[in-house]
Amino acid sequence: MYTFSSKLKTFSYALMIVGILGVAYGFFTTPSSVEDVKIMLQESHDTHGATATHQNDTQANDIEATHDTAHSDDAHAEHAFHYLMNKPWSAVYVALFFFFMISLGTLAFYAIQHVSQAGWSIVLFRVMEGITAYLPIGGILLFVFFVLSSLHLNHLFVWMDPEVVAHDELIQNKAGYLNVPFFLIRAAIYIAGWIWYRQHSRKLTLAQDNATDLSNYTKLFKRSAAFLVFFLVTESMMSWDWIMSLDPHWFSTLFGWYLFASMIVSAITTIALVSIYLKGKGYLEFVNDSHMHDLAKFMFGFSIFWTYLWFSQFMLIWYADIPEEVTYFVTRFNDYKIPFLGMLVLNFVFPLLVLMNSDYKRVNWFIVSTGIIILIGHYIDIFVMIMPATVGDQWFFGITEIGAALLVLGIFIYVVFNAISKAPLLAKGNPFTKESEQYHY
Amino acid sequence: MSSHYEAPIRRPLIVGDKSYHDITLEVAAPVEGKANKLWWTAFTIALIAFLWGLGAIIYTIGTGIGVWGLNKTVGWAWDITNFVWWVGIGHAGTLISAVLLLFRQKWRMGINRSAEAMTIFSVVQAGLFPVIHMGRVWNAHFVLPIPNQFGTLWTNFNSPLLWDVFAISTYLSVSLVFWWTGLLPDFAMLRDRAVRPFQKKIYSLLSFGWTGRAKDWQRFEEVSLVLAGLATPLVLSVHTIVSFDFATSVIPGWHTTIFPPYFVAGAVFSGFAMVNTLLIIMRKVSNLEAYITKQHIELMNIVIMITGSIVGCAYITELFIAWYSGVEYEQYAFLNRATGPYWWAYLLMMSCNVLSPQFMWFKKLRTSIMFSFFISIVVNIGMWFERFVIIVTSLHRDYLPSSWTMFSPTFVDIGIYVGTIGFFFVLFLLYARTFPVIAQAEVKSILKSSGEAYKRYRDAGGKNPAPTKVVKVSTTTEEVKDTAVQKNDLLGSLGVFDNSTQKADDLKLISGVGPKLEKTLNTIGIYSFDQVSKMTEKEYDLLDSLLESFKGRAKRDDWAGQAKNLKNNG
């Protein structure tokens with residue numbers, strides 16, 4: 001039985017407090033009016049040589065170039081104002097989504113392990129259940145965020161703004177799907193479905209611990225299969241709703257599966273990190289380096305899978321170069337060059353080189369250091385999915401973004417380790433437990 | 001750890017009380033025996049189809065592509081449909097041997113050999129189409145970047161069709177190597193059992209001098225793992241590249257980013273269906289039901305169900321995004337599929353691919369061999385139509401209404417397709433008679449953990465490691481003193497040898513029988529292979545009680561089986 005160490009608890013509180021301060025700073029430093037932005041822009045023109053900034057401006061405002069200069073400046077300031085208003089909201093959204101996605105990915109992995117009757121991973125089930133404990137909290141936080149967005153407290157989802165829609169025929173055509181009530185109903189259905197499976201599966205495995213027959217196990221097997229079907233559909237839809245609709249003019253059929261790849265690799269990495277932490281504290285005596293080897297293999301394999309899907313999506317759009325699609329990558333490539341290309345190094349090149357060797361996959365510090373890199377890489381992946389649509393070229397990775405990430409990380413750590421301390425760390429009633437304990441690769 | 005431990009809940013993968021030797025015998029039987037009438041009939045039909053297809057190909061090349069049903073708008077139809085279909089079928093083999101190896105699925109061992117053979121033979125069929133659909137086949141070597149006399153005229157590496165060349169050729173060669181390395185221990189087994197010099201020679205050549213030393217096995221395992229690790233990205237990338245042929249274009253209905261993973265899922269889907277079709281027949285005609293069990297069929301059905309659902313999800317995604325995109329051309333492309341002149345093909349594809357695998361959710365249906373066979377055929381038809389629908393319906397109506405047209409195949413299109421099916425079965429039927437169709441070395445490695453008898457032994461409280469001979473059949477044979485009675489008994493079931501009408505065989509050809517033993521057998525009255533081949537458990541026991549010093553040998557060496565071969569081949 002794990003006891004939540006007071007040190008870790010204090011650490012998670014500290015993260016939350018620092019995070020809240022960072023986020024609060026983000027909201028307080030947001031310019032309050034377009035006039036402020038004008039002054040800000042003027043200052044930045046003055047301080048950093050005007051030429052460099054101006055070049056960006058002209059690029060960003062291709063369409064407005066035909067208008068007279070005065071109007072262009074006004075429009076630009078207006079635009080920048082909206083972006084800057086969105087910035088702290090986006091930072092919170094990226095962090096909320098990232099940790100929620102880890103939890104959801106873990107849940108999917110967990111269900112797959114049940115359905116495939118894996119014989120190695122049983123000893124890690126309680127760790128996975130701990131990570132998915134964040135799902136209900138994260139889901140509610142996200143839902144609250146969506147409600148706030150639909151109340152026009154922010155402009156992340158431009159299609160929620162009736163004024164924007166009024167002037168945008170493309171969005172009008174999508175209004176059958178992209179409208180606030182339907183969006184919230186869908187979100188509620190996904191979140192409720194996922195949370196239901198999470199709570200139910202937890203109940204069943206705990207019941208199986210002391211059961212004399214396998215009825216709970218069989219039930220869980222069937223429920224997991226049903227969940228995976230539900231997940232296959234809802235995950236795709238969730239990706240369209242929560243991420244793709246931020247760029248309501250853009251569409252890609254691969255998007256849902258691409259997001260899934262990011263999700264599952266982050267999830268497995270988190271499972272590995274939490275397991276190594278608990279093992280280091282002496283709580284997982286039945287987890288050996290073969291289990292870690294398997295997790296590291298999955299980290300390696302899914303990193304490559306992620307790259308495959310990233311490349312497929314990018315290359316096909318780049319190759320055909322159809323204007324309505326390619327803008328998505330043009331803005332990312334122009335304004336986000338370092339994170340956009342940097343994440344490829346972190347998410348692909350680095351794990352490829354480090355986790356290729358079979359011996360390294362058994363060395364904890366190799367897994368931990370690669371794991372942290374992978375998680376940072378996928379945070380950036382989400383960042384590059386969300387930010388260009390909401391803050392455009394006004395992005396900056398600073399106190400607000402770090403604060404939001406730390407805040408949610410603090411909540412995540414608190415919830416996860418608190419949940420882990422609630423049940424024995426070995427799911428002993430599972431019919432494959434013995435196989436898993438003896439597992440050796 | 002005790003290496004043979006397996007959770008009791010897992011079902012046995014080898015049915016019946018098999019020993020290592022039983023596996024050898026049953027795997028070698030089709031190779032060592034003679035082909036029956038059924039095989040010859042099937043082979044003749046396949047050969048005729050193949051020759052017919054060959055004729056159609058020669059006619060096409062001699063006369064021109066115009067003999068096909070293609071037109072100026074629809075430049076790709078049956079040729080590329082068949083190409084993608086065959087490549088897709090080929091994917092299951094690599095998936096079974098590589099991906100299932102990486103996921104440590106023991107059940108792959110009963111089916112991987114045949115699945116890989118299927119891969120190789122279907123990639124060969126696929127490889128025909130990129131060549132024969134060219135207008136000028138004789139310039140086909142220009143796709144290769146070879147230095148030449150045209151001032152090093154080079155290929156353009158931007159075309160997915162060129163990537164296809166590399167993808168398919170790499171895929172075929174890697175699959176071939178992967179398959180062949182796995183065959184080495186099995187060929188060695190056939191070599192060691194071969195009685196006739198010609199067979200011995202052939203299998204010695206094929207098995208590359210495999211002797212099965214510890215060091216060899218260790219490297220063998222490592223190579224398999226590395227090749228599996230390489231073949232997995234290969235299998236994904238090959239079909240991805242095939243999908244790029246369409247997805248990189250700007251044709252509505254073709255240009256979509258989901259194609260790479262969706263084509264791969266479709267390939268696994270159709271490939272597994274084809275493996276199911278073939279193995280359901282093979283387990284019956286080659287008597288391999290103990291190794292390709294109902295559970296294998298069920299698991300393949302589950303893979304079909306999963307990939308079918310993924311494909312279904314992709315269909316819905318495509319439909320949704322077509323609407324969501326607001327691009328009229330895209331929307332029309334899907335409207336045309338559903339309600340245009342090829343609505344029947346679309347309907348067929350949807351019902352075969354999306355609906356039919358959903359039946360597999362019912363245990364009763366997925367464990368029914370008849371039903372699985374039926375569905376596997378349905379899926380193959382559906383997947384052919386999927387490729388047809390994607391290719392033809394997107395081409396025949398696109399941007400300019402003035403170039404809208406229809407497509408209908410000619411007998412040459414159909415003839416070539418039928419020809420490739422014939423060719424495939426020619427190869428597969430030859431394979432089934434000359435190759436060990438089950439990876440016996442691998443199957444033997446799971447016998448003690450997943451063999452039915454061993455599992456029963458452990459379930460009854462037996463301890464690991466299980467004894468070599470698990471189920472002791474205690475037969476109380478009465479000590480019969482009178483050897484003459486025993487001789488009569490033995491000859492009664494083996495048949496009396498008549499010196500005047502029959503010719504005595506050289507019994508020394510049976511491995512285990514020397515000159516001395518031959519003489520002893522002759523004194524009992526056994527002269528011919530025919531007699532020996534009739535020996536069963538009862539006769540072995542009788543013989544044992546007659547022989548003083550060779551007890552148990554006849555059964556151990558499987559004299560009956562050997563004699564049967566010698567008799568057939570003599």
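The side chains of Glu401(A) and Lys87(A) form a salt bridge, at 3.2 Å from N to O. The term covers a side-chain nitrogen of Lys or Arg within 4 Å of a carboxyl oxygen of Asp or Glu. This pair links distant parts of the chain, 314 residues apart. Glu401(A) sits in helix α16 (residues 399–420) of chain A, and Lys87(A) in helix α4 (residues 69–115) of chain A. Helices (H or I, at least four residues) and strands (E, at least two) are DSSP runs, numbered from the N terminus. Over all chains, the structure holds 24 salt bridges.

This is a predicted model, in which local features need pLDDT of at least 70, side-chain atom pairs count only at pLDDT 80 or more, and totals for chains, interfaces and linings use all residues. Residues are numbered from 1 along each chain as its sequence is written, chains are lettered from A and ligands numbered from 1 in the order in which they are written, and side-chain values use heavy atoms, with hydrogens and water left out.

How far does the predictor trust each chain? The score here is pLDDT, the predictor's confidence in each residue, from 0 to 100. Chain A averages 88, and 93% of its residues score at least 70. Chain B also averages 88, with 94% of the residues at 70 or above. Over residues 472–481 of chain B the pLDDT is below 50, and this stretch has one contact beyond near neighbours in sequence. Contact means heavy atoms within 4.5 Å. In chain A, pLDDT stays under 50 over residues 49–68, which have 10 contacts beyond four places in sequence. The complex gets an ipTM of 0.89 and a pTM of 0.86.

Now look at where the chains meet. There, 42 residues of chain B are in contact with 49 residues of chain A. Together the two chains bury about 3700 Å², 72% of it on carbon and sulfur atoms. Buried area is the accessible area (1.4 Å probe) that two parts lose on being put together, summed over both. Arg104(B), Thr257(B) and Tyr324(B) supply 19% of the area that chain B buries against chain A, more than any other three residues.

Two salt bridges join the chains. In one of them, Arg10(B) pairs with Glu435(A), the closest N and O atoms being 2.8 Å apart. Which helix of chain B gives the most to the side that touches chain A? That is α9(B), with 11 residues.

Rings of Phe, Tyr and Trp (its six-membered ring) pair if their centres lie within 6.5 Å; planes under 30 degrees apart count as stacked, over 60 as edge-to-face and the rest as tilted. The count is 114 pairs over all chains. The rings of Phe146(A) and Phe157(A) have centres 6.0 Å apart and planes at 70°, so this pair is edge-to-face.
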